[in-house]
Amino acid sequence: MKRVAVVVAVLVIVLYVIAIVLPIDPVERRPGTGLSGTLAVDQDTDWAFIKGRTRAWVETRTRYLVPHSITVSAWADDGKLYVGCRECDTKVWPRNVARDDRVRIKIGDSIYERRAVRITDPEQRAAVLGPGAGRPGFAVFRMDAR
């Protein structure tokens, strides 16, 4: 019985380490762990290559060290990158960002290291979201350079 307990404990530890190290990209509504891809050479980009809304992936840091990543909608406005979040109070990733604002965002095959800043000021929200700024349950994050 002791041998089985040791084998199970070792297996759990190995799986935990794999979850920390092995990137698993999110797919649609299924979250992932770390993001795969290459770190962008130019981390201080102007985001001009983004036209309209685009699909992106955000990786946050968790308390238990296994990265948490999700699929998001991103857009550029006035040289800044923004990410929206519907029903934000029910999701894990905004709580991770509230605790540790360092994120990685993947657009295309490039990964950018950013700092996620939740926009709460009504005037700033109106400037970024337009008429949808007053929509309840919708949050917007600006992705600032670290």
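**Disulfide, nonpolar cores and aromatic pairs**

A search of the whole structure, which is a predicted model, finds one disulfide. The bond joins Cys-85 to Cys-88, with an S to S distance of 2.5 Å. The angle about the S-S bond is 105°, and the link of Cys-85 and Cys-88 is right-handed. Both Cys-85 and Cys-88 are buried. Cys-85 belongs to strand E4. The relative accessibility of Cys-85 is 2%, below the 20% limit, and Cys-85 therefore counts as buried. Not counting residues up to four places away in sequence, Cys-85 touches Lys-91, Trp-93, Pro-94, Gly-137, Phe-138, Ala-139 and Phe-141. One of these residues, Phe-141, is 56 residues from Cys-85 in sequence, while the C-alpha atoms of Cys-85 and Phe-141 are 8.0 Å apart in space.

In soluble globular proteins, nonpolar side chains tend to be buried together. In this model the largest nonpolar core has 22 residues, and Trp-93, Ile-105 and Phe-141 are those with the most contacts inside it. At least two residues of this core come from each of strand E2 (53–60), strand E3 (68–77), strand E4 (80–86), helix H2 (92–99), strand E5 (102–107), strand E6 (110–118) and strand E7 (138–145). Another core, of eight residues, lies apart from it; among its members are Trp-75, Tyr-82, Val-128 and Leu-129.

Phe-141 has a relative accessible area of 1%, which is under 20%, so this residue is buried. When neighbours within four places in sequence are left aside, Phe-141 is in contact with Leu-81, Tyr-82, Val-83, Cys-85, Cys-88, Trp-93, Pro-94, Val-97, Ala-116, Val-117 and Arg-118.

The structure holds four aromatic pairs. A pair of aromatic rings is described by the distance of the centres and the angle of the planes. For Trp-47 and Tyr-112 the ring centres are 4.8 Å apart and the planes stand at 65°, so the pair is edge-to-face. Trp-47 lies in the loop between strand E1 (38–39) and E2, whereas Tyr-112 lies in strand E6; the pair therefore ties together parts that are 65 residues apart in sequence. Both Trp-47 and Tyr-112 are buried. The rings of Trp-93 and Phe-141 have centres 5.0 Å apart and planes at 45°, so this pair is tilted. Trp-93 in helix H2 and Phe-141 in strand E7 are 48 residues apart, and their pair links distant parts of the chain. Trp-93 is buried, with a relative accessible area of 4%. One aromatic cluster is formed by Trp-47, Phe-49 and Tyr-112.

Charged side chains also sit over aromatic rings. The charged end of Lys-106 is placed over the ring of Trp-57, 5.9 Å from the ring centre. Arg-135 lies over the face of Phe-138, and here the distance to the ring centre is 4.2 Å.

With a relative accessible area of 12%, under the 20% limit, Thr-33 is buried. The side chain of Thr-33 reaches the backbone oxygen of Leu-22 at 3.0 Å. Beyond its neighbours within four places in sequence, Thr-33 is in contact with Ala-19, Leu-22, Pro-23, Ile-24, Glu-59, Val-66, Pro-67, His-68 and Ser-69.

Definitions and conventions:
Residues are numbered from 1 along each chain as its sequence is written. This is a predicted model: local features need pLDDT of at least 70, side-chain atom pairs count only at pLDDT 80 or more; totals for chains, interfaces and linings use all residues. Side-chain values use heavy atoms; hydrogens and water are left out. A nonpolar core is a set of buried Ala, Val, Leu, Ile, Met, Phe, Trp, Tyr and Cys residues joined through side-chain atoms within 4.5 Å. Buried means under 20% relative accessible area, exposed over 50%, partly exposed in between (1.4 Å probe, protein chains only). Helices (H or I, at least four residues) and strands (E, at least two) are DSSP runs, numbered from the N terminus. Contact means heavy atoms within 4.5 Å. Rings of Phe, Tyr and Trp (its six-membered ring) pair if their centres lie within 6.5 Å; planes under 30 degrees apart count as stacked, over 60 as edge-to-face and the rest as tilted. A charge sits over a ring if NZ of Lys or CZ of Arg is within 6 Å of the ring centre and within 35 degrees of the ring normal. A polar contact is a pair of N or O atoms within 3.5 Å; within protein, one must be able to donate a hydrogen and the other to accept it, and residues adjacent in sequence count only if both atoms are side-chain atoms. A disulfide is a pair of cysteine sulfur atoms within 2.5 Å.
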